Amino acid sequence: MNLPNKLTLFRIFLIPVFIIVMMLNLPSKFLIACMIFIVASVTDAMDGHIARKYNLVTDFGKFMDPLADKLLVISALTTMIEYDLVAAWMVIIIVARELTVSILRAIAAADGKVIAASSGGKLKTISQMVAIVILLLGAHTGNPVFLNIGKFTILIATLLTLYSGWEYVYKNKNLFMESK
């Protein structure tokens with residue numbers, strides 16, 4: 001178990017911690033949740049960088065790192081619906097895109113092919129994470145301007161999510177034709 005894989009497991013461990021904090025009736029729960037989310041997001045950047053730099057890429061990391069990212073973002077956004085920080089339709093679009101791309105990757109893997117992360121996919125992930133942080137900080141401060149910036153940011157992230165999903169499907173449409 002190398003350092004990048006330990007960071008991925010740590011990120012997965014932080015997901016239920018984040019959810020529990022969001023469920024508690026704490027006066028600073030949004031700030032605490034935001035700090036947890038930031039730490040988890042930083043581990044995402046760190047584990048990939050370390051794995052590539054020191055040639056520590058493993059099959060476990062290839063599978064679990066993107067899964068941890070998806071679980072983190074989906075968990076955060078789902079809990080935020082309850083507080084009217086994000087619209088349910090946006091979360092549905094984001095979850096649908098993640099499922100679609102995951103299924104597409106599974107079809108490719110069955111044929112021995114790998115679908116690498118696209119620049120659109122990376123931008124989508126960054127925009128989602130930034131939006132979540134802004135929304136949590138906005139909820140903590142109660143500042144309507146900050147909340148509106150967060151809601152605009154999550155809208156942009158949702159549009160990038162749609163584009164990224166379309167990009168993956170379009171570039172790999174041949175997999176649907178080839179699969180039996």
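Residues are numbered from 1 along each chain as its sequence is written, and side-chain values use heavy atoms, with hydrogens and water left out. In this predicted model local features need pLDDT of at least 70 and side-chain atom pairs count only at pLDDT 80 or more, while totals for chains, interfaces and linings use all residues.

**Exercise 1.** Describe how domain 1 and domain 2 meet.

Solution. Begin with the division of the chain into domain 1 (1-82) and domain 2 (85-179), whose bounds come from an automatic or database domain assignment. Their centres, taken over C-alpha atoms, are separated by 16 Å, and the contact (heavy atoms within 4.5 Å) takes 20 residues from domain 1 and 19 residues from domain 2. Next comes the area buried between the two domains, about 1,800 Å², of which carbon and sulfur atoms give 83%; buried area is the accessible area (1.4 Å probe) that two parts lose on being put together, summed over both.

**Exercise 2.** Locate the largest pocket and state which residues lie nearest its centre.

Solution. A pocket is found on a 1 Å grid over the protein atoms alone, as an open set of points where a 1.4 Å probe fits, with protein on both sides within 12 Å along at least five of seven lines, and lining residues have an atom within 4 Å of a point. The largest pocket is lined by 47 residues, and Lys62, Asp65, Pro66, Arg105 and Ala117 lie nearest its centre. Since domain 1 (1-82) and domain 2 (85-179) both give residues to this lining, the largest pocket lies between them.

**Exercise 3.** Find the salt bridges of the whole structure and of the domain interface.

Solution. The rule asks for a side-chain nitrogen of Lys or Arg within 4 Å of a carboxyl oxygen of Asp or Glu. Searching the whole structure finds nine salt bridges, and one is found across the interface of domain 1 and domain 2.
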